[in-house]
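Colleague: I'd like a close look at one part of this model, with whatever surrounds it. Could you walk me through it in one go?

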Amino acid sequence: MKKLSRRDFLRASAIGSLSAALTHTPWAGLAQDAVTLRLMAWGNPTEFEARQATLQLFHDSTEGINIDFIHTPSDYMTKLLTQIAGGDYPDVIFLGNGDIEPFVARGQLLPLDDFIAGDNFDTSDISQQNLKLYNVDGIQYGFPVDAPNQQLFYNKTLFDEAGVDTPSPDWEDDSWNWEAFLDTAKAVTDKDNGIWGWQVKTGFRAWWIWVTANGGEFFNEAGTECVLNSPEAVEALQFLADLIHVHEVAPPLDVASELGSAELFQSGVTAMETWWPAIGRMRTNIADKFEWNVAPHPGGKAGKTTAGGGTGHTISAFTEHPEESWEFLKFLISTQCVSVWTDIMGIVPPLTSVAESDVFLKPGEPPADILVFTKGNDYLRPDPRHAQFTQARSIAQSQLERLWIGGVSAQEVADDIVAEVNRLL
Amino acid sequence: MTTLPMPNRRRTDAVQKLIIYAVLVAGAVIVLFPFLWTFSTSLKTPEQVYQIPPQLIPDPIAPENYSRVVTDRPFGRWMLNSLFVVVVSTVGTLLSCSLAAFAFSRLRWPGRDKLFLVLLATMMLPTQVTLIPTFILFKELGWVNTYFPLALPAWFARNAFYVFLLRQFFMTIPLDLDDAARMDGANNFQVYWRIILPMSKPALGVAALMFAQFKWREFLAPLIYLNRRESLLASIGLRTFMDETHGTDWELMMAANIMFMVPVVVVFFFTQRYMIQGVVISGVKG
């Protein structure tokens with residue numbers, strides 16, 4: 001790093017503060033007629049890299065639009081909501097698909113239909129399941145940047161050592177059900193050597209897959225009631241808790257939660273794990289430590305499902321530059337941009353053109369059954385769509401912790417969640 | 001003051017001391033272990049981080065984590081930014097809060113005690129309540145994305161707690177001193193500057209330390225007000241290491257944490273007397 005003297009620093013801060021105070025966007029005046037769009041996005045280190053690369057691409061290919069990227073490393077919603085409430089509007093907003101509905105309900109997003117019609121913009125390359133996530137009541141508000149769905153990652157080397165069949169990549173194969181899963185998990189668990197068949201992930205989607213696969217729901221259809229205490233949902237939650245406490249094929253929560261993310265799987269401690277398709281990072285982290293592959297989660301009473309949905313770009317309803325924002329949004333869903341994003345992030349692209357290209361398929365590299373992800377789009381059960389979902393989810397998450405730690409039944413916890421969530425509705 | 005031990009009680013005293021030391025050492029080990037762990041992790045390679053059984057002294061050690069922290073990201077810059085904000089706002093807090101405390105404790109004026117209660121009441125407001133109104137205020141002033149919202153309020157006795165702390169301390173100084181100074185022709189400001197402040201060094205030290213520590217770690221305001229990457233503060237910058245979905249680079253995160261802690265530890269090393277006094281004076285742990 002270039003050494004910064006105290007004087008340089010003070011001077012820079014003074015100039016920076018002054019010019020920011022005067023013009024709000026210090027360099028807006030430099031280029032004639034250039035418009036500066038403010039892009040609000042979070043970004044972990046990998047995403048930050050992907051963001052920089054795609055912004056560079058946009059910068060190189062476009063004249064007259066500058067992007068001021070407001071990178072928010074954590075507590076994104078706190079910052080975004082404060083900004084919006086305070087009238088300091090970003091132009092383009094990176095939003096998880098679950099947040100689309102609440103933002104639309106508050107009138108904070110710009111409908112895109114007129115732009116799409118005006119430009120005859122072709123959306124047929126975009127995975128329709130994912131496009132729908134940014135659509136509320138038939139009005140399109142954004143485009144996805146990825147199409148991640150969570151699948152089951154397995155350590156093939158451990159399977160081979162235990163002499164167990166690997167799960168089928170076929171979404172229609174009925175033999176890969178919960179029983180088969182439990183048998184497999186038991187067979188590969190080798191506690192003496194610190195090997196576990198499974199890890200119960202505590203994130204919402206990690207258990208939501210099991211609930212939906214068993215025919216459970218979070219809200220009733222009218223959205224007036226939480227129904228997580230239905231027999232189907234309770235059975236699924238109890239099944240997961242039993243993996244820790246009864247069958248002992250998954251490590252207790254304190255060990256697992258300490259490490260978080262996919263660390264246990266990547267270090268060869270768990271033989272199977274739910275994970276979203278951060279395949280790129282997985283390839284580098286596992287390298288040649290062991291062989292791995294992916295398969296759908298086992299089917300429950302309602303068949304196989306997956307969770308996920310991903311993130312997309314939307315335009316603020318309060319932007320002063322809707323035309324330029326639309327141009328930028330079109331770029332973000334272009335084959336060129338999505339290819340770069342997919343390549344760096346190593347995730348599932350929302351565009352068929354990219355999903356079928358080697359940027360995603362990476363022939364010769366694991367996982368061999370990478371098509372499980374693309375096919376999985378048809379089995380996606382997105383997060384419940386409800387204006388109160390964010391709050392309802394945090395209630396469920398904190399209540400469920402008791403279940404994962406042990407000592408209570410899923411029924412008890414689910415009843416408590418339902419009672420607490422229903423008070424919100 | 002300790003009484004001199006009687007010769008025949010020397011042995012029991014020694015045993016007592018031994019027990020006390022043993023308990024203290026055990027406590028110190030427990031308290032220091034997380035730091036040791038952080039430091040050890042900051043010198044590990046990514047593979048060593050998850051090695052089981054864990055190595056406390058990594059072999060080989062990876063000091064390059066520290067240079068990566070400042071080269072992968074402008075972490076050095078973020079530390080300087082933090083330092084700048086902390087110094088400017090701490091000076092401001094000391095001057096403005098002591099001035100306000102002086103008025104509340106040494107001067108007589110109508111409504112003083114009622115106003116003091118109002119001031120104390122502001123301490124009851126959670127930050128979240130004032131977050132958006134304050135944001136709107138600074139936005140209207142065009143100060144979003146500058147350090148003004150972070151450093152300037154401190155110059156207006158924004159922190160009622162420190163006014164309270166200093167007022168309580170000022171009240172313990174005999175009023176006769178003020179009178180004597182006034183007899184010699186000192187005005188209010190001179191009494192404040194020449195008499196009260198020099199006599200309140202311990203309390204000022206405590207206030208400075210407590211405030212600087214709080215400011216160094218402050219998260220919400222810098223998160224809301226700073227937008228540009230190079231102008232972030234270190235407390236926010238630490239979060240850029242977290243990657244829940246891809247996996248955090250713990251060795252870098254820990255190296256950054258150590259760097260983040262160093263200023264605090266160094267300051268504590270030289271001023272622990274004040275820090276401990278702080279607990280005594282205020283009854284609050286920083």
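In which sense do β7(A) and strand β8 of chain A pair, and over how many bridges?

Modeller: Keep in mind that this is a predicted model. β7(A) and β8(A), the latter made of residues 272–275, pair in the antiparallel sense, and four bridges hold that pairing.

Strand β9 of chain A, residues 292–295, runs antiparallel to β7(A), and four bridges join them. Here you can look at L152(A), which stands opposite A295(A) in β9(A). As for how covered the strand is, β7(A) spans residues 151–155, and five of its five residues are buried.

Now for the wider setting. The domain assignment of chain A gives domain 1 as 27–148 + 309–361 and domain 2 as 151–306 + 388–422. The centres of the two domains, taken over C-alpha atoms, are 31 Å apart. As for contacts between them, eight residues of domain 1 of chain A meet nine residues of domain 2 of chain A.

Next, the packing. The largest nonpolar core has 107 residues, and the ones touching the most other members are L237(A), L240(A) and A414(A). Helix α10 of chain A, residues 231–245, gives this core its largest share, nine residues. Both domain 1 and domain 2 of chain A give residues to this core, so it lies between them. Zoom in on L237(A) and, leaving aside residues up to four places away in sequence, you'll find it touching W207(A), V211(A), L403(A), A410(A) and A414(A).

Two of those names, A410(A) and A414(A), turn up again among the buried residues of α20(A), along with V413(A), I417(A), V418(A) and V421(A). As for its length, α20(A) runs over residues 410–422, and its 13 residues reach 18 Å from the first C-alpha to the last, close to the 18 Å expected at 1.5 Å a residue.

Notes:
Residues numbered from 1 in each chain as written. Chains lettered and ligands numbered in written order. Predicted model: local features only at pLDDT ≥ 70, side-chain atom pairs only at ≥ 80, totals over all residues. Buried ≥ 20, exposed ≤ 12 C-beta atoms within 10 Å, placed from the backbone. Helix = DSSP H or I, 4+ residues; strand = E, 2+ residues; numbered from the N terminus. Pairing = 2+ DSSP bridges. Core = buried A, V, L, I, M, F, W, Y, C linked by C-beta atoms within 7 Å. Domains from an automatic or database assignment. Contact = placed C-beta atoms within 7 Å. Expected span 1.5 Å × (residues − 1).
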